[in-house]
Amino acid sequence: MKQKILFKIMFLWFLLIIIPLPLIHDGYDASAGSDPFITARQQMIKNDLKARDIDDPAVLKAMEQVKRHLFVERSQWSAAYEDHPLPIGAGQTISQPYIAALMTQSLRLKKHDTVLEIGTGSGYQTAVLAELVSRVYSIEIIKTLADRADALLKSMGYRNIKIKAGDGYRGWEEYAPFDAIIITCAAGRIPPPLIRQLKEGGRIILPLGDSLFSQKLVLGIKRGDTLEMKTITGVRFVPMVGESEKSTGR
Ligand code: SAH
């Protein structure tokens, strides 16, 4: 009788304490090497990218490779595969996955391309680009963000990314011309040095507009001294600061 009661107590103990142990913590297994968000990422690809207009297999593969949760704070991990921007500190945000994919797809990148990115932020978009092309140069005006993204991307094994802290308005002359340029902060007009640093036939994409409520995602293709422009959709990005503000009088 006593033995039966003891057995029941032990069984209950096992059910209540031992089995749920792995669930305590954040609700997922974050041990090294494991990827607790494979399913969430695949859902994101199916529902937020493929179900819309992202159909370039290389872009979809890159979006599947890059673990977005590692670019945000741990407290945001559970929201990392939802289709909206998230805070990354210093008042900045990581782009919404769909917009990151759309900007990448619009650039029609090729394996041997060299890309310039203005606005490294968390480094998420940088990683997506680095999955697709041979070299990515990225400039971030907030030094703490530039340093953090640099360390994170290096720790992930990316060897084809070069980041510097500074104002992206003037581009990166040393490595120009670029096959493509992506600006992930909103400018009132395209900084002329960036147009000069784009190859003939090269593509530039950016949120164009002074105010948060009137930004348009635009794509420019370089034809001689001008850009052939196309508007893609309405967007909301943080503003490009520094010299760009002066030149637009913001
Ligand atoms: N693509 C990033 C999100 C960028 S948010 C990601 O995936 O996380 C826009 C970034 O542009 C911010 O980090 C902001 O500090 C940076 N930025 C703003 N003005 C800039 C400038 N003139 N030069 C370089 N970076 C700038």
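A polar side-chain atom of Ser122 lies 2.6 Å from an oxygen atom of the ligand. The protein buries 99% of the 580 Å² that the ligand exposes when taken alone. The model is predicted, and in it the ligand sits in the largest pocket.

- The side chain of Asp167 places an N or O atom 2.9 Å from a nitrogen atom of the ligand.
- Ile141 contributes through its backbone, with an N or O atom 3.2 Å from a nitrogen atom of the ligand.

**The shell around the ligand**
- The ligand is surrounded by 27 residues, of which Ser122, Glu140, Asp167, Gly168 and Val241 are the closest.
- By residue class, the shell comprises twelve nonpolar, twelve polar and three charged residues.
- At least two shell residues come from each of β2 (92-94), β3 (114-118), α5 (124-132) and β4 (135-140).
- The element that gives the most to this shell is β2, with three residues.

**Backbone features in the loops**
- Ala176 and Pro177 are joined by a cis peptide bond, with omega at about 0°.
- Pro177 belongs to the loop between β5 (161-165) and β6 (178-183).
- Ala90, in the loop between β1 (86-89) and β2, has a positive phi near 55° although it is not a glycine.
- The relative accessible area of Ala90 is 48%, so this residue is classed as partly exposed.
- Arg108, another residue other than glycine, has a positive phi near 45° and is placed in the loop between α4 (97-106) and β3.
- Arg108 counts as exposed because its relative accessibility is 59%, over the 50% cut-off.

Note on methods: Residues are numbered from 1 along each chain as its sequence is written. This is a predicted model: local features need pLDDT of at least 70, side-chain atom pairs count only at pLDDT 80 or more; totals for chains, interfaces and linings use all residues. Side-chain values use heavy atoms; hydrogens and water are left out. A residue is near a molecule or strand if one of its heavy atoms lies within 4 Å of it. A polar contact is a pair of N or O atoms within 3.5 Å; within protein, one must be able to donate a hydrogen and the other to accept it, and residues adjacent in sequence count only if both atoms are side-chain atoms. Accessible areas come from the Shrake-Rupley method with a 1.4 Å probe; for residues, only the protein chains shown count as cover. On a 1 Å grid over the protein atoms alone, a cavity is a set of points where a 1.4 Å probe fits but cannot get out, and a pocket is an open set with protein on both sides within 12 Å along at least five of seven lines; lining residues have an atom within 4 Å of a point. A molecule sits in a cavity or pocket if more than half of its atoms lie within 2 Å of its grid points. Helices (H or I, at least four residues) and strands (E, at least two) are DSSP runs, numbered from the N terminus. Ala, Val, Leu, Ile, Met, Phe, Trp, Tyr, Cys and Pro count as nonpolar, Asp, Glu, Lys and Arg as charged, and the others, Gly among them, as polar. Buried means under 20% relative accessible area, exposed over 50%, partly exposed in between (1.4 Å probe, protein chains only).
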